[in-house]
Amino acid sequence: MADIKYITQTGRAQMGRVDSTLKYLSREIMDTTDTLVQPLHELGLWYRALRTGWRYFSRKH
């Protein structure tokens with residue numbers, strides 16, 4: 001009976017470790033994705049702003 005209790009405790013501990021590892025990895029992946037996407041998003045905003053400004057400028061002159 002003690003063996004079964006020990007096995008379930010060990011299994012639970014390992015599942016907890018795997019769970020926390022997966023959470024850590026997903027957090028790291030999300031941070032990396034944000035780091036990669038942020039400059040692209042800013043470039044898109046700059047592009048749109050410049051295009052709008054150029055359209056306005058070329059219409060006036």
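Reply: Helices here are DSSP runs of H or I with at least four residues, strands are runs of E with at least two, and both are numbered from the N terminus. Lys-23 and Asp-19 both lie in helix α1, which covers residues 2–60, and they are four residues apart, about one turn of the helix. This is a predicted model, in which local features need pLDDT of at least 70 and side-chain atom pairs count only at pLDDT 80 or more, while totals for chains, interfaces and linings use all residues. Residues are numbered from 1 along each chain as its sequence is written, and side-chain values use heavy atoms, with hydrogens and water left out.

Side chains of opposite charge can pair when their charged atoms come close. The side chains of Lys-23 and Asp-19 form a salt bridge at 3.5 Å, N to O. The term requires a side-chain nitrogen of Lys or Arg within 4 Å of a carboxyl oxygen of Asp or Glu. A search of the whole structure finds one salt bridge. Lys-23 is partly exposed at 48% relative accessibility, and Asp-19 is partly exposed at 39%. Buried means under 20% relative accessible area, exposed means over 50%, and partly exposed lies in between (1.4 Å probe, protein chains only).

Along the principal axes, the C-alpha atoms fill a box of roughly 90 × 10 × 5 Å. Buried residues make up 0% of the 61 residues.

Patches take residues with over 30% relative accessible area and no salt bridge, joining like charges within 9 Å and nonpolar side chains (Val, Leu, Ile, Met, Phe, Trp, Tyr) within 5 Å. Val-18, Leu-22, Tyr-24, Leu-25 and Ile-29 make a nonpolar patch of about 490 Å², an accessible area from the Shrake-Rupley method with a 1.4 Å probe, where for residues only the protein chains shown count as cover. Ile-29, in helix α1, is exposed at 54% relative accessibility. A patch of positive charge gathers Arg-48, Arg-51, Arg-55, Arg-59 and Lys-60. Lys and Arg count as positive and Asp and Glu as negative, with His and the chain ends not counted. Arg-59 also lies in helix α1 and is exposed at 65% relative accessibility.

Terms used: The place of a charge is taken as NZ of Lys, CZ of Arg, CG of Asp or CD of Glu.
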